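Colleague: I am new to this one and would like a friendly tour. Could you show it to me before we talk?

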Amino acid sequence: MRLAVLDIGSNSAQLQVVDVSAGAPPLPAHAVKEPTLLAEELQADGTLSDEGIERVTAAVTRAVDAAVRLGVDHLYPFVTAAVRDAVNRDEVIDRIQAGAGIRPQFLSGEEEARLTYFAARRWYGWSAGRLLLIDIGGGSMELVLGRDVEPELAVSLPLGAGRLTREFLTADPPTRKQLKALRRRVRDTLSEVLDRLRWEGPPRRVVATSKTFKQLARLTGAPPQRKGPFVTRDLVVADVRAWIPRLARIPAAERAGLRGVSKPRARQVVAGAVAAEVTLSALDVPGVEVCPWALREGILLRHLEQLADSMPLPLQPLTRHPDATVRPLHPAGEQPVPS
């Protein structure tokens, strides 16, 4: 079966096409990216502009056309915070449906967090133990903690790199005063969940997802994407801290020439770096490993799990007759091996 996820975000509409079968990992077949640049079109009253709506509708239309050409059997389109939090989101969705012929779904911030955690848990397996996941998107930051399939804690905070850039870093390059205000906002917002995270105890492994962390990891020396998903990519807090003043001194046009920094994300990389550094420092985490699987893979994996559920193995209840003799665990003369 050929499935696809269409992730309609603040920077682009990304179509990920995979060939899947029950019990197998989602194998990437094709990827299509169409620019949306919605962060530039969010107006003071919280609505997306007409130009932004037209741009995202055109991007989704091209992505859907690509899905048809590529022989996709089923498509799951969804919007993230850029559209979800817009005051006129219903109008945006209606116009996308009218233009592209599909109606994107809304995922709440908590649902995004849980699905992203689900993907990371599958990637690292049970041996990872208690997992802390951090994801910085364009509109929100997700923090998830857990050791099982379902996390113990999943929160979404309004600390996305695009949102923070729009609200605080209006100058290009930003001023010291703006950077100071940005740091204060990140610290104050994190204070709402830090006590709960500390109460849960230290995680065994800390991982990060999202383009923000991939970009920062590449900037600080991690292997490029062409090396594949099985190469370990780490991000050290000290390296991010050293890069922040260097990024903040130059305009976005110059940042786009740096290793790993794409032109559409060059303006928001400073806010993403500050949010990452403040968050990891507040959590006393010296570094993270960047997980190659994230929200899109979580959606696909959840679908595969549902396919597997359609083939249940029937379990039979075990009953004993009241007069039945209970067999001992160890036959006479045998002793259990000491642990």
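Modeller: The centres of domain 1 and domain 2, taken over C-alpha atoms, are 23 Å apart; the bounds come from an automatic or database domain assignment. This is a predicted model, where local features need pLDDT of at least 70, side-chain atom pairs need 80 or more, and totals for chains, interfaces and linings use all residues. Residues are numbered from 1 along each chain as its sequence is written, and side-chain values use heavy atoms, leaving out hydrogens and water.

Colleague: How much area is buried between domain 1 and domain 2?

Modeller: Buried area is the accessible area (1.4 Å probe) that two parts lose on being put together, summed over both. Carbon and sulfur atoms give 47% of it here, and the total is about 1300 Å².

Colleague: Which three residues supply 32% of the area that domain 1 buries against domain 2?

Modeller: No other three residues of domain 1 supply more of that area. They are N11, Q16 and R84.

Colleague: How many salt bridges does the rule find across the interface of domain 1 and domain 2?

Modeller: A salt bridge needs a side-chain nitrogen of Lys or Arg within 4 Å of a carboxyl oxygen of Asp or Glu. Across this interface, the rule's count is 3.

Colleague: Is F106 buried, partly exposed or exposed?

Modeller: F106 lies in strand β5, residues 105-106 (strands are DSSP E runs of at least two residues, numbered from the N terminus). Buried means under 20% relative accessible area and exposed over 50%, with partly exposed in between (1.4 Å probe, protein chains only). F106 has 32% relative accessibility, so F106 counts as partly exposed.

Note on methods:
Helix = DSSP H or I, 4+ residues; strand = E, 2+ residues; numbered from the N terminus.
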